[in-house]
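The sequence and structure come before the text.

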Amino acid sequence: MGYVQHLTKTFMRPKFAPMNSANNNFMEAAILEAENAFERGEVPVGCVIVDSKSGEIIARASNRTEELDDPTAHAEMLAIRDASKNSGSARLPQCDMYVTLEPCPMCATAISFARLRRVYFGAYDPKSGGVDHGPRIFEQSSCHHKPEVYGGISETACGEMLKTFFREKR
Ligand code: ZN
């Protein structure tokens, strides 16, 4: 079954975050990346980074930990590396991230190091998340840059994809 039909059914507009049709499209782009990961047998998490000045996506990535044999190859890490390389800077203060799952502690730390302006994420991750759960990285005194964070964007579509993935794996 194609995942797209499924998403069309479950896609929900966010209720709380400052979203408009443009940034809804960015989350949809992140969801497409997650679908790519799903089809490659990777945990389906997708991410895009947008330059808020130009409104352009400057990096897109999905999880590749199995393919690369790299435990750090989360979608966010790959997207940050790519965005930094593409913009010729280790700091991305005018950039926003759209990611389908609450970032883990490693990725949240990388987001802080990259000085990203905003993070929009999809599903909450009570088990392994590091933003609203676990170590709550952005609230620590060791964290020197705290982005604006908006969680639960297209939460149903993002979360259902993960649930389907783990159900099929079992
Ligand atoms: Zn991560």
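## Nonpolar core

In the largest nonpolar core, which has 45 residues, the members that touch the most others are Ala30, Cys47, Val48, Ala79, Met97, Tyr98 and Val99. A nonpolar core here is a set of buried Ala, Val, Leu, Ile, Met, Phe, Trp, Tyr and Cys residues joined through C-beta atoms within 7 Å. At least two residues of this core come from each of α2 (21-39), β1, β2, α4, β3, α5, β4 and α6 (155-169). The largest share, 7 residues, is supplied by α2. Helices (H or I, at least four residues) and strands (E, at least two) are DSSP runs, numbered from the N terminus.

A residue counts as buried if 20 or more other C-beta atoms lie within 10 Å of its own, as exposed if 12 or fewer do, and as partly exposed in between, with C-beta atoms placed from the backbone. Ala30 is in contact with Gly46, Cys47, Val48, Tyr98, Val99 and Thr100, leaving aside its neighbours within four places in sequence. Contact means that the C-beta atoms of two residues, placed from the backbone, lie within 7 Å.

## Basis of the model

This is a predicted model, in which local features need pLDDT of at least 70 and side-chain atom pairs count only at pLDDT 80 or more, while totals for chains, interfaces and linings use all residues. Residues are numbered from 1 along each chain as its sequence is written.

## The sheet

The order β2-β1-β3-β4-β5 describes an open sheet of 5 strands with mixed pairing. Its edge strands, each pairing on one side only, are β2 (56-62) and β5. From one strand to the next, the twist averages 15 degrees. Two strands pair if DSSP finds at least two bridges between them.

Strand β1 (residues 46-51) pairs with β2 in the antiparallel sense over 6 bridges. Val48 has Arg60 as its bridge partner in β2, and Val50 stands opposite Ile57 in β2. The two strands, β1 and β2, form a hairpin with 4 residues between them, and Gly55 in the turn has a positive phi of about 75 degrees. Helix α4 (residues 75-87) lies across β1, β2 and β3, and runs at about 145 degrees to β2. Axes are lines fitted to C-alpha atoms, for helices over the stretch in contact, and angles run from 0 to 180 degrees between N-to-C directions.

## Strand β4 and its partners

Strand β4 (residues 118-123) has 5 of its 6 residues buried, so it is largely enclosed by the rest of the structure. With strand β3 (residues 95-101), β4 pairs in the parallel sense over 5 bridges. Met97 has Val119 as its bridge partner in β4. A right-handed β-α-β unit is made by β3, helix α5 (residues 105-113) and β4. Right-handed means that, with the strands pointing away from the viewer, the path from the first strand over the helix to the second runs clockwise.

Strand β5 (residues 148-150) runs parallel to β4, joined to it by 3 bridges. Val119 has Val149 as its bridge partner in β5. Glu148, also found in strand β5, is partly exposed, with 13 other C-beta atoms within 10 Å. Leaving aside its neighbours within four places in sequence, Glu148 is in contact with Arg117 and Arg118.

## Helix α6

Helix α6 has 15 residues and reaches 21 Å from its first C-alpha to its last, close to the 21 Å expected at 1.5 Å a residue. The expected span is 1.5 Å times one less than the number of residues. Glu155, Ala157, Cys158 and Met161 are the buried residues of α6.
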